[in-house]
Amino acid sequence: MKIQTAFLTLLLSLLTVQSAAAAVVSRKDLEAIQMQVEQKSVEHKRLQAQAAKISVEMATVSKQMVQKARQIQNTEDRISAMEKQLARLQEDENLIQTLYALQNLALKPTEALFVQPLTPVEIIRSAMLLRETVPFLAEEAAQIREKLDNIATKKSKIEQQVKKISSNKLALEKEHRQMKQLIRKKAKIRSQIEDKSAAARQKIKQLAAQAKDIKELLVKLEKERKAREKLERERQEKLKREREELERYRAEQEALAVNERREKERQEQA
């Protein structure tokens, strides 16, 4: 009985030490995991904030790109309108130059008439008719020259405007390309941040699962501790009962021994 009790005591002691050590390790692991969860949560929030900030920046740049695209379109429309205006001016200029050449021909008809397939009488008659129109033609020629000068001035101004607007268009297109590059760069950075954020979120889930396992282990260890305490109480109660029984047995044996001694003494005296 004593050997069994000693063995049981030793076994309980070993289990208690092992369980206590396991509980200490588990609690340390749990604390370490909880700290990692907090760190990853902070990192996840920081990455989310960065991604949100980049999204806002991208939205701003996209809005600016739309404005630049509208400005480029307006510039192209202005250039197109001016080119049409230049084409009309060129047509007017060609027409007026043709009239001017005809009027010069009318003012100096002799050489032109001689190269025409006309009879001498027709040449003379034509020359007389042309010379009657010389004053009118001279006045028209002056007006035509003035129109040509006005057209040349307008063309020069429009060409300068077209050159300036085209230069502005090139600058706008360059800014637009730079914005596109910026959008692509920010989109790449945001994608990388989102990947890191997803990895941090996944790590948090894994750590949370580990923490749950450790918590369950701690609960199990706590149940085992209570079971051991119950077993220890039962063992102590059993030992107490055994000691009480032993004491009663000893008391009974001592009482028997006293009675036997008294009986023997009484018989000897008789």
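**Figure 1. Val66 in helix H1 of a predicted model**. Val66 sits in helix H1; helices (H or I, at least four residues) and strands (E, at least two) are DSSP runs, numbered from the N terminus. At 46% relative accessibility, Val66 is partly exposed. Buried means under 20% relative accessible area, exposed over 50%, and partly exposed in between (1.4 Å probe, protein chains only). The model is predicted, so local features need pLDDT of at least 70 and side-chain atom pairs count only at pLDDT 80 or more, while totals for chains, interfaces and linings use all residues. Residues are numbered from 1 along each chain as its sequence is written, and side-chain values use heavy atoms, with hydrogens and water left out.

**Figure 2. The protein chain as a whole**. The chain has four helices and zero strands. Along the sequence the pattern reads α-α-α-α. Of its 270 residues, 21% count as buried. Contact means heavy atoms within 4.5 Å. Among contacts with a separation of 6 or more, 93% join residues 24 or more positions apart. The accessible surface is about 20500 Å², and 56% of that belongs to carbon and sulfur atoms. These areas come from the Shrake-Rupley method with a 1.4 Å probe; for residues, only the protein chains shown count as cover.

**Figure 3. Thr75 and His44, two buried residues of helix H1**. Thr75 lies in helix H1. Its relative accessible area is 9%, so Thr75 counts as buried. Beyond neighbours within four places in sequence, Thr75 contacts Ile165, Lys169 and Leu172. His44 also belongs to helix H1, which spans residues 2-107. His44 is buried because its relative accessibility is 12%. Leaving out residues up to four places away, His44 touches Ser197, Ala200, Arg201 and Ile204.

**Figure 4. The largest nonpolar core**. A nonpolar core is a set of buried Ala, Val, Leu, Ile, Met, Phe, Trp, Tyr and Cys residues joined through side-chain atoms within 4.5 Å. The largest has ten residues, including Ile79, Met82, Leu86, Leu148 and Ile158. H1 and H4 each supply at least two of its residues. Met82 touches Ile158, Gln161, Val162 and Ile165, not counting residues up to four places away in sequence. A second, separate core holds nine residues, among them Leu47, Ile54, Met179 and Ile183. In soluble globular proteins, nonpolar side chains tend to be buried together.

**Figure 5. Ile151 in helix H4**. Which residues does Ile151 contact, leaving aside neighbours within four places in sequence? They are Leu89, Asp92, Glu93 and Ile96. Ile151 and Glu93 are 58 residues apart in sequence, yet their C-alpha atoms are 6.9 Å apart. Ile151 is buried because its relative accessibility is 8%. Ile151 is also one of the residues of the largest nonpolar core.

Figure 6. pLDDT is the predictor's confidence in each residue, from 0 to 100. Confidence is highest in helix H4 (residues 134-269), at a mean of 82, and lowest in helix H2 (residues 109-114), at 49. Residues 1-15 have pLDDT below 50; beyond near neighbours in sequence, this stretch has ten contacts in the model. Residues 17-22 are also below 50, with four such contacts. Where pLDDT is low, the predicted coordinates should not be read in detail.
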